[in-house]
Amino acid sequence: MKRTLSILAQCIPILASMVLTATSQAQATEPVKIGFLVKQAEEPWFQDEWRYADQAAKEKGFLLVKIGIPNGEKMMSAIDNLAAQKAQGFVICAPDVKLGVAVERAAKRQSLKVMSVDDQLVDGAGKPIASIPHMGISAYEIGKQVGQGIMEEMKARKWSMQEVGALRMAFDQLPTARERTQGAVDALKAGGFPIANIIDAAQAKTDTESAFNAANIAFTKQARFKHWLVFGLNDEAVLGAVRAAEGRGLRSDAVIGIGIGGSKTALNEFVKPNPTGFYGTVLISPKRHGYETAINMYKWIAENQKPAAVTLTNGTLMTRHNQAAVRAQFGL
Ligand code: FCA
């Protein structure tokens, strides 16, 4: 009996170490799986982001799970779904930044790492959640580039500013949208544009259709202007307004619109044989936002390297004339 006990005692550490080795092997071989959740999967910008995130997955050999999350409910079930599939983390552009606390809580509960892209998540008081790493655009600066671009083109056309309206396509509940259009407004003011001629058109959503509807109302109310400048948070906002202007007979000789993005929405306009009121866009980088965030998340999971708290990317004005060169500069 004594002998059996002593053999057993000798075996325990061996058994324990076998169990430990098996567990750590399981952890080491558990494939890295990363979610990439976006609020508007049909928007070309987000399609591009996904495409570049896929490239990162291929390069590093991790699995990428792409899910569209048009509302809070879909977002919460996507996070649960990722946990059920044993993902270790996700990158997110939420349908509403005020869902920030819910995102962070769900991620913690499921032991998932989380970082945000494009739209920075905020807490109940509207303050950015510093513990969630973020990659976004330098919204105010990029907005200023938009404002300077439309002012320059307006001056080149020698329009009399008194006859020009400037349409701000507004989506003010989203901080990055507010900052972008504020940058443009400030550039207009700095260029001497009359403040009274800046007109707001509030969009219900950030897509082309909502922009079209909002702009139509504004154009009807402000029929006194002969020419229009148009700016907003993205290419869809400006495109919707440009289409609404066309419906009222205002074409490329009467409208100067500059968007933000530079994905297919803008490129489709540039390849049309005749220029439209969609004069240009500030190209931002879906490659950095898709590829780099996915790589950052991978390194966080596999190498325990937490991404920088905030990374802001910049943009370059692109028109139909310089599109190829500017895109090449961005490695697109
Ligand atoms: C926001 C906008 C998108 C895109 C992105 C960088 O999420 O809604 O259209 O501009 O920022």
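## The largest pocket

The lining of the largest pocket divides by class into 7 nonpolar, 4 polar and 6 charged residues (Ala, Val, Leu, Ile, Met, Phe, Trp, Tyr, Cys and Pro count as nonpolar, Asp, Glu, Lys and Arg as charged, and the others, Gly among them, as polar). A pocket here is an open set of points on a 1 Å grid over the protein atoms alone, with protein on both sides within 12 Å along at least five of seven lines, and lining residues have an atom within 4 Å of a point.

This is a predicted model, in which local features need pLDDT of at least 70 and side-chain atom pairs count only at pLDDT 80 or more, while totals for chains, interfaces and linings use all residues. Residues are numbered from 1 along each chain as its sequence is written, and side-chain values use heavy atoms, with hydrogens and water left out.

## Around the ligand

Let's turn to the ligand. Its surroundings are K39, E43, W45, F46, C93, D118, D119, R180, L233, N234 and I284 (each with a heavy atom within 4 Å of the ligand). This shell holds 5 nonpolar, 1 polar and 5 charged residues.

Which side chain has a polar atom 2.9 Å from an oxygen atom of the ligand? K39 does. For D119, a side-chain N or O atom lies 2.8 Å from a ligand oxygen atom.

## The second largest pocket

The second largest pocket holds about 240 Å³ of space (grid points are joined across faces, edges and corners, and the volume is the space filled by probe spheres set on the points). Among its 18 lining residues, Q120, H134, P175, T176 and E179 lie nearest the centre.

How values were computed. A polar contact is a pair of N or O atoms within 3.5 Å; within protein, one must be able to donate a hydrogen and the other to accept it, and residues adjacent in sequence count only if both atoms are side-chain atoms. On a 1 Å grid over the protein atoms alone, a cavity is a set of points where a 1.4 Å probe fits but cannot get out, and a pocket is an open set with protein on both sides within 12 Å along at least five of seven lines; lining residues have an atom within 4 Å of a point.
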